[in-house]
Amino acid sequence: MDPHQMYIDNQYIIYDAERLQRPDTSLFDPLVLQRRGVWLGAPAGGRGSAGYIILGGVPAVLRRYRRGGMFAPLLGDRYLWLGLAKTRPWREWNILARLHSQGMPVPAPIAARVQRRGVFYRADIVVERIDAVTLAERLSAEALAPDYWYEIGHAVGRLHLEGVDHADLNAHNVLINKGDALRVRIIDFDRARLRSPGRRWQLRNLARLQRSLLKLARQDPEFKAPDQKALAELQRGWSEALHDSQQVAK
C-alpha cells in the first residue's frame, strides 16, 4: 500500500497510489460517476449513503459519512472539525490500511475525502468491494454449519489481537464469501479504535454481535438464529485466535 495525500479547494484526499492514479474530487460525486457509467447504484436496503462503483475495472464501495441518533436531523452529514487526524474518514482509512497490510480480514481502503467548511466537515470513503453476503442476509436464507461460526469468531479474534475495538460489530458488518471457499471478513470501521487488548471491551464486541442476531430473529420469524452449539463455536474460534497468538509469542 502506497498512501498519498493531496489538498484541493478545502478538500483533503488520501488514497492508495498502488490502486488508484491521482484522483480528483469527482471520485466522490455520484452524479459525475453516473455520467461516466461507473456508478452501479446503492446497496439493497441502503439509506442513500453508499453506492457501488467501478474504478479501473475494480469493484468498490463509495460511502458518505452520515450521522445517526438524535443529532441526525440537525447535523445530517456534518461533523465538528477538530483537526484532520481526528476526522472519521482519516481514522478509518488509516486503521484499514494498517490492518489490510497485516493480512487481517478487512477490505482494502482506496481513497477518502474530507471537505472542510468553517467549523464543520463532510466526508466520504472508498473501499474495496468484497464479493460476499452479510451474515444477516445469509441467515435470512439458511442456517450456518458450525465451521462458519468458528471462522466468524476467529476473524473477530484476529482483530482483537491487534487491539481493534470495532464500534458497531453486528450481523450486517460480517461478510461471508458467496463461493465454496469459506472466508469471513469484517467491514465498517467507522469510529473503530486501536487500544490495548483487554477482555472487557473484547467481550463487549462479541456481546454486541450476539445482540444483533437476537434482534434480527425477533424481527423475522424465518431468520435462522444461531443455537447454543453455534454460539459455542463462535466463542471457540475467538478464543483460539487469542491462544494461537500467545503460543507464537512464546
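The questions and answers below concern a predicted model of a protein.

Residues are numbered from 1 along each chain as its sequence is written. In this predicted model, local features need pLDDT of at least 70 and side-chain atom pairs count only at pLDDT 80 or more, while totals for chains, interfaces and linings use all residues; side-chain values use heavy atoms, with hydrogens and water left out.

Colleague: How many helices and strands does the protein have?

Modeller: Helices (H or I, at least four residues) and strands (E, at least two) are DSSP runs, numbered from the N terminus. By that count the protein has 7 helices and 13 strands.

Colleague: What is the radius of gyration of the protein?

Modeller: The radius of gyration is taken over C-alpha atoms, and the globule rule is 2.2 Å times the number of residues to the power 0.38. For 250 residues the rule gives 18 Å, and the protein is close to that, so it is as compact as a globular protein of that length. The radius of gyration is 19 Å.

Colleague: What share of the 250 residues is buried?

Modeller: Buried means under 20% relative accessible area, exposed over 50%, and partly exposed in between (1.4 Å probe, protein chains only). Buried residues make up 46% of the 250.

Colleague: Which residues have the most contacts inside the largest nonpolar core?

Modeller: A nonpolar core is a set of buried Ala, Val, Leu, Ile, Met, Phe, Trp, Tyr and Cys residues joined through side-chain atoms within 4.5 Å. The largest one has 51 residues. Apart from it lies another core of 14 residues, among them Met6, Tyr15, Phe28 and Leu55. In the largest core, those with the most contacts are Leu135, Trp149, Ile152 and Phe189.

Colleague: Is Trp93 buried or exposed?

Modeller: Trp93 lies in helix α3, residues 88-101. Contact means heavy atoms within 4.5 Å, and beyond four places in sequence Trp93 is in contact with residues including Met1, Tyr15, Pro109 and Ile125. Its relative accessible area is 0%, so Trp93 is buried.

Colleague: Where is Asp188 found?

Modeller: Asp188 has a positive phi of about 60 degrees although it is not a glycine. At 25% relative accessibility, Asp188 counts as partly exposed. Asp188 is found in the loop between β12 (184-186) and β13 (193-194).

Colleague: And what is the relative accessible area of Asp9?

Modeller: Asp9 has a positive phi too, of about 50 degrees, although it is not a glycine. Asp9 is found in the loop between β1 (3-8) and β2 (11-16). Asp9 is exposed, with a relative accessible area of 61%.

Colleague: How many residues apart are Arg208 and Asp168?

Modeller: A salt bridge is a side-chain nitrogen of Lys or Arg within 4 Å of a carboxyl oxygen of Asp or Glu. Arg208 and Asp168 form one, with the closest N and O atoms 3.0 Å apart. The pair links distant parts of the chain: Arg208 is in helix α6 (residues 199-219), Asp168 is in the loop between β10 (164-165) and β11 (174-177), and they are 40 residues apart.

Colleague: Why are Arg236 and Glu233 separated by about one helical turn?

Modeller: Arg236 forms a salt bridge with Glu233, the closest N and O atoms being 3.0 Å apart. Arg236 counts as partly exposed at 38% relative accessibility, and Glu233 counts as buried at 17%. The separation is about one helical turn because the two are 3 residues apart in helix α7 (residues 228-249).

Colleague: Which residues form a nonpolar patch on the surface?

Modeller: Patches are made of residues with over 30% relative accessible area and no salt bridge; like charges are joined within 9 Å, and nonpolar side chains (Val, Leu, Ile, Met, Phe, Trp, Tyr) within 5 Å. Accessible areas come from the Shrake-Rupley method with a 1.4 Å probe, and for residues only the protein chains shown count as cover. The nonpolar patch has about 310 Å² of accessible area together, and its residues are Leu80, Leu82 and Val119.
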